[in-house]
Every structure is written in structure tokens, then in C-alpha cells.
Amino acid sequence: MAQTVCVQGAPGTGKTAVGLHRVAFLLYAYKERVARRGVLVIGPNRAFLGYIRNVLPALGEIDVSQLTVTELAATALGNSARGNTAPASTVPVRGQDGPEAGRIKGDARMAEVLRRAIWSRLAEPPEPLVLARGARRWRLSVTELAGLAAELRERGLRYGAGRDLLEHRIAHVILSQMEAAGESCDDRTHDAVRRTRPVRAAVDAVWPKVDPVRLVFGLLSDADALAAAAAGVLDEAEQRAVVWARPPRGPGSARWSPADVVLIDEARDLIERTPSLSHVVVDEAQDLSPMECRAIGRRCSTGAATVLGDLAQGTTPWATTSWDGLLGHLGKPAADLRVLRTGYRVPRQILDFASRLLSRIAPELSPATSLREDPGALDIEATTPDDLGGRLAAICAGAAREAGSVAVIAADDQVPGLSRALTGHGVAHASLDDGGGGPGLTLVPVTLAKGLEFDHVIVVEPAAIAGAEARGLQRLYVALTRAVSRLTVLHAEPLPEALCGP
């Protein structure tokens, strides 16, 4: 129960099954201890979570939340552990960062930038504190107030806890003065003094409240504020990359990105500790940024985690190339790494074909081997640009007559055109969006394909997928390994060189 396990495995080796069965086992073997603080499954997107949502109930476990990392960070408390409905977010996610801005916002150095920004709010007392009670006046000098704040600051407390304690420390000093003067004091006196206007005004002046949303908004909308917090941490080019070019009027009108929400979550934790769950399972972990890892790590700081992923399938600009680095950001550097080397889902012909990409995308990994052999599992077909839509329609029509699920996977910007081509040829289909797809033939943007599987997969224009982004070959590797029984590769453009091996 206390052990964090990291599972590295090629497509079809059963990583997700391992993670979900481990949760089911823990809930069975340690039911009260695990259920008391909750269990959470984190997936890359809603389509993936929709795909696995029935697995745990089928294993007899229902009290497990399933969230994306953005939903996790965007919740008001960030520690909901029951039910499968995503909680309401503190800010709406309406924007997307470019690759460079997303990479920098996801860098672990941003935690230091936020820490500096928060603690820079502490100020020197502007005047002594004078509290009138009856005919007497009790006084704390500027030096005494500053000393109390400095002492608490040096204790390494969270910002909010330090602010609360400052009220108590000021009240304690005043009560000590009152007792020295012969007055009788008790807990009620302490609370009454702590809640007086002069004490609260002194605390507000020295240790002001900080709202995490407004703090991050201020850094992203004010280049000078960011420069002050990021000096020596981010260079000038990096600062320019993350500051909004046209600052919104306020937090409510900001086009917050998923990375911004994670920054807000970090700031919230610097102010008030995030409660820990008993266990967290995170799938497709290789795509997490260091800041996302920190957000997840906070949710299992006193618990354990099951980390699932494949370094070869890292498709984000910040995807990790080392499990050691990712586990360090997660706060679990001593995790046990297990490697799954045998494939069960993907036929050997398909896995061997996709594994030609490994020398380019993850040379440190050895190709997995598959137990399944099917000489007819792989079909590579060249066509012309003019006939691409018609040939795709014919392949899909034939596949629809076979038993099982069928998916067409293509570069995101090609999906609308392919959808029109299928419709024009009378081929019924559904389009997968971030909420899930429908029955029958499904048209899948390649950026949503990760973690999914279909009996027959038709990958259209591998070169377009590979060329669409910096980590396009990794994205292509994902697309080629979604098939359970058959893979058809349809292309008018030449195949990427990496696939043209023996």
C-alpha cells in the first residue's frame, strides 16, 4: 500500500490494466485505510477516461474519481476523491499556450517564481500597533511586529499558516503584557484580542492575504512583476514567452490555459497545504510537465502512486525522457520501476512496423515483443491525392462489414476534410471529441488517440502526422499502435523515412 510503482511499457503490454487492477486490489485488501482518504485515477483526456470508466466498476470498485490533470488542478479544493463527475473549476480553461510558453510554464522553475512572488508580499510594519482595552492601551513597536513576522517566516510555514499564526503571536504578546500588569486572561481573552480591528489591521499590513488566481494573473499580465519574481530564474526571452501579449482586464476575462491552471494550483498550495489522498494512478505519465507532476504529487504526498507510461509515446513539448526525473518532480524518487516487455494487444507485425520509429524517438528503449502473430494484420496502401478520399471510403466501408470497432486516425487538421469525404461517399461515421465518440466507425484526431484501442485502425497520411508538430514521430507511433487486430496505412505522400526500414 505504501509503495509507489512506475510501469514502463510499450503499447499493448497492459500498463493501464496493471494500474486499474492494482487499485482494485488495494481497495479490496486495505479497504478502510484506502477509502478513508480516497483514490484518484488521472488520464490524459476525457476521451481516455470515458474509455476506461467502466473498468473499475466491473472489478467491483466504484468509489474512485477519474479526472484529467487540468480538471484536478482547476478544482476549488483539488482533493475530491469520490464520484466520477469533474468538480467545478476555479477558473475557466479557454485558451491554449504555444509550445514554448507551455514548456516554460510547465518547468519546475516556475515553482520558485511563484514562491518568490507570494513571499514578496510581506512588508515592514508601517506603524506601531496600539490596542485600547478599557482604560489601558497596549502597544507593540514596529520592531516587535517585524520580529514576530521574521520568526514565522524563517520557520518554513505555508504563507496562509504563517498569516494565521501571526495573529496568535501578536495576541500572545499583548496577553503577556496584560498578565504582567495584573490582569486575568484566558482563552476567551486571547480570541477577543486576536479578532480586534487593530490586530487584524496590523496583520493585513505586514502579512497581507494572497489570492492564488490574482497572484498568477498579476505575473502573467505584468512584465515588471514577473521580472521581479523571476530574476535569475527565467531569462528575459523566457519571461517574454509567458507574459500575455495583450493583458486581459481581469481574471474573469483571461483566456486561462491548462498550464496556467497548474500554476494557480501551485500558488494555492504555497498558501494552504493540499490534502493528500491514499492512492493516485496516473496514466500516460510521460506527457506530464514537471509542474503537473508536482500537482499530482501533492495529492499523494502521504500516500502512494501507480505511474504508468511509455517514454516512446511522449508527445508534448515537455514530455519526459527519464522516469527518474519525472518521479523526482512527483516527490517519489524511490519508486520501484517495472518494465513490461511482452505485448498482448497489438499483433507482432504491427508492433514491429511501429517499432521502426524507436531508433528516432526513444533509442534507449528496446522494442517489445508480441505474443500474437497475424500475417494479415498489416496492410500498407499507396494512393494518389485525388483518390485519397475515395479509397479511404472504400476501405472504411469494407471494414464496417467486419465484426469489431473501426477507427480512422489522422492529423488533426486533416480530420474535417476526411469527414467530408466519408460523408460524400455515404459512409456513416462519428467523430471523436474530448468527450468521447460513438459506435461504429470513428474518426479520431491523432492528438486524442493516446490510450485508445480499436479492432481495425486506418492511419491516413503518416507523413502529415509526423510533420504536424515537433514530436510528430512520437504521435505517429501512438497512432500506429492503436490496433487490436488490423492496421491499414493509407498514404498519398511518401512514408516517413523512419518507417521505410527493412
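Is E284 buried or exposed, and what is its relative accessible area? E284 is buried, with a relative accessible area of 7%. Here "buried" means under 20% relative accessible area, "exposed" means over 50%, and "partly exposed" is in between, using a 1.4 Å probe and counting protein chains only.

## What you're looking at

This is a predicted model, so a few ground rules apply: local features need pLDDT of at least 70, side-chain atom pairs count only at pLDDT 80 or more, and totals for chains, interfaces and linings use all residues. Residues are numbered from 1 along each chain as its sequence is written, and side-chain values use heavy atoms, with hydrogens and water left out.

The protein chain has 502 residues, and 52% of them count as buried. Its C-alpha trace spans about 95 × 55 × 40 Å along the principal axes. You'll find 23 helices and 16 strands in it; these are DSSP runs numbered from the N terminus, with helices being H or I of at least four residues and strands being E of at least two.

Now for contacts, meaning heavy atoms within 4.5 Å. Take those between residues at least 6 apart in sequence: 76% of them join residues at least 24 apart.

Most residues other than glycine have a negative phi.

E461 also has a positive phi, about 50°. Look for E461 in the loop between β15 (454-460) and α22 (462-467). E461 is buried, with a relative accessible area of 4%.

## A strand under cover

Strand β1 (residues 5-9) is mostly covered: five of its five residues are buried. In a regular strand the side chains alternate between the two faces of the sheet. In β1, V5, V7 and G9 point one way, while C6 and Q8 point the other way.

Two strands count as paired if DSSP finds at least two bridges between them. V5 has a bridge partner in each: T306 in β7 and D336 in β8.

## An open sheet of six

Another part to trace is an open sheet of six strands, in the order β11-β16-β15-β12-β14-β13, with parallel pairing. β11 (378-382) and β13 (430-431) stand at the edges with a single partner strand each, so one side of each has no neighbour in the sheet.

Further in, β12 (residues 406-410) pairs with β15 in the parallel sense over four bridges. There, V408 stands opposite I458 in β15.

## Nonpolar cores

A nonpolar core is a set of buried Ala, Val, Leu, Ile, Met, Phe, Trp, Tyr and Cys residues joined through side-chain atoms within 4.5 Å. The largest one has 62 residues, and I296, V307, L480 and L487 touch the most other members. Leaving aside neighbours within four places in sequence, L480 is in contact with I350, F353, A354, L357, V459, L487, V489 and L499. Apart from that core lies another of 59 residues, including V193 and W244.

## Out on the surface

G232 is exposed, with a relative accessible area of 83%. The C-alpha atoms of G232 and V113 are separated by 9.7 Å, and these residues are 119 apart along the chain.
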